[in-house]
Amino acid sequence: GKCPKLPGAGIACLSFGFTCETAEETSVVGSKGRLKIETPSHCPTKVSIQLKADGRGEVNQEETFEYPLPEDTEEIKAAGGFMYPNSAGFIYEAAAVARCIAAGKKEVPQYTLEETLWNLRLV
């Protein structure tokens, strides 16, 4: 694992393994609560938010948001389907790119080039 110091007061702790199967969950913990990106976090369908209450470990409110995957088309099934869990979710990214190309845009408004470069510098 690795824990780089982030700009401001934050620290990121990363843990990964190449020869074992990990939970593939991502948690972001802050002073007011916790955000949990459910497994598999590289292509999730569920995100949970816990708002902190008074007292250590106490939860005031919890909410879960689910984003179902599209059904596989007959063409996808005939080709053998997807290799990795939830890969069908990448169809949303591909559709966003196609819309931007058709509109003559060079980036999607939801994730700008500046944000991409910032994330690359972080890792």
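Me: Which strands form the hairpin, and what sits in the turn?
Reply: Strand 3 and strand 4, with 6 residues between them. Gly55 in the turn has a positive phi of about 100°. Strands are DSSP runs (E, at least two residues), and helices are runs of H or I of at least four, numbered from the N terminus.

Me: What kind of model is it?
Reply: A predicted one: local features need pLDDT of at least 70, side-chain atom pairs count only at pLDDT 80 or more, and totals for chains, interfaces and linings use all residues. Residues are numbered from 1 along each chain as its sequence is written, and side-chain values use heavy atoms, leaving out hydrogens and water.

Me: How many bridges join strand 3 to strand 4?
Reply: 7, and the strands run antiparallel. Ser48 has Thr64 in strand 4 as its bridge partner. Two strands pair if DSSP finds at least two bridges between them.

Me: What is the strand order in the sheet?
Reply: 1-2-3-4, open, with antiparallel pairing. Strand 1 (26–30) and strand 4 are at the edges with a single partner strand each, so one side of each has no neighbour in the sheet.

Me: Switching to Ser87. Buried or exposed?
Reply: Buried, at 13% relative accessibility. Buried means under 20% relative accessible area, exposed over 50%, partly exposed in between (1.4 Å probe, protein chains only).

Me: Where is Ser87, and what is it in contact with beyond its sequence neighbours?
Reply: Ser87 is in the loop between helix 1 (74–78) and helix 2 (90–102). Leaving aside neighbours within four places in sequence, Ser87 is in contact (heavy atoms within 4.5 Å) with Cys43 and Phe82.
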